[in-house]
Amino acid sequence: GDRTDTLLATDGLEKQFGGFTAIDEVDFSVEAGELRCLIGPNGAGKSTLLKLITGTYAPTDGGLYYDGHEITDEEPQDRVKRGISMKFQVPSVYGELTVRENARLPIQRFADGDERRRRVDEAIEAAGLAGSEDVDASTLSHGQQQQLEIGMAASLEPDLLLLDEPVAGLDVAEREAIAERITRLNEEEGIAFVVIEHDTDFVAEIADEVTVLHNGAVFREGPIEEIESDPAVQRIYLGE
Ligand code: ADP
Ligand code: MG
């Protein structure tokens, strides 16, 4: 038969908050193993789209499909079990807990015993924090905290990892470290990514494909070289 490698697809997805349409009939898809960046001006609906994919929000219309199954009405933890994991825009590392204690948080509901210990070690390794397991997370740099969160999301062994602004507020060296981390997880583990990011240099460095969201709708999709040089994309960023 006609087998496709589409991992995630949305069909006419819509999300209203009160009378306001934040996501407007969006058809968005992610292929297995691809690294897609999601860009667009503030308020475009990027975070909302990712939260609809994780099940944090329920859509007001349309459907979501993952690996051939409809997941529109599934609970967030069931979507995690299917292989969807997310690092949210708001940091969720607990400063008063150690690196290891933080790393245990996402996995404790999904694995126990040796399996849990292996995944916790994997999260710490994936974050580049081996040797710092017992320090309080509050002593980590902002970049290391972001890396810890990415490692924690990766420890759920997802096929699709959603990252909401993983390099916001980071310096060039920290951005570079995160770009390498994402690229490695994508190439070595075959994890597909959707990464929300504003910085076009960062997007150009990591992305295969780019989706531009504007006023809750898909405005453009294509390779970064096309998107970057598209005058209409430049105009929406200038707020015209
Ligand atoms: P982005 O991540 O692209 O900056 P968001 O997805 O956060 O945009 O928000 C899209 C629009 O939806 C914005 O106008 C925002 O104010 C609105 N919005 C987002 N979340 C909520 C919410 N929980 N309640 C009401 N309005 C919301
Ligand atoms: Mg956002």
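How many bridges join strand E1 to strand E5, residues 61–66? There are five, and the two strands run antiparallel. Helices (H or I, at least four residues) and strands (E, at least two) are DSSP runs, numbered from the N terminus. Two strands pair if DSSP finds at least two bridges between them.

This is a predicted model, in which local features need pLDDT of at least 70, side-chain atom pairs count only at pLDDT 80 or more, and totals for chains, interfaces and linings use all residues. Residues are numbered from 1 along each chain as its sequence is written, while chains are lettered from A and ligands numbered from 1 in the order in which they are written.

With E2 (residues 20–26), E1 forms four bridges in the antiparallel sense, and glutamine 16 stands opposite threonine 21. The hairpin of E1 and E2 has two residues between the strands, and glycine 18 takes a positive phi near 60° in it.

Next comes helix H5, residues 142–154. Its end C-alpha atoms are 18 Å apart, which agrees with the 18 Å that 13 residues should span at 1.5 Å a residue; the expected span is 1.5 Å times one less than the number of residues. Twelve of the 13 residues are buried (20 or more other C-beta atoms, placed from the backbone, within 10 Å of their own), so H5 is largely enclosed by the rest of the structure. Among them are Leu148, Ile150 and Met152. The buried residues of H5 pack against elements including helix H3 (99–107), helix H4 (113–126) and strand E8 (160–164); contact here requires C-beta atoms, placed from the backbone, within 7 Å.

Terms used
Two residues are in contact if their C-beta atoms, placed from the backbone, lie within 7 Å.
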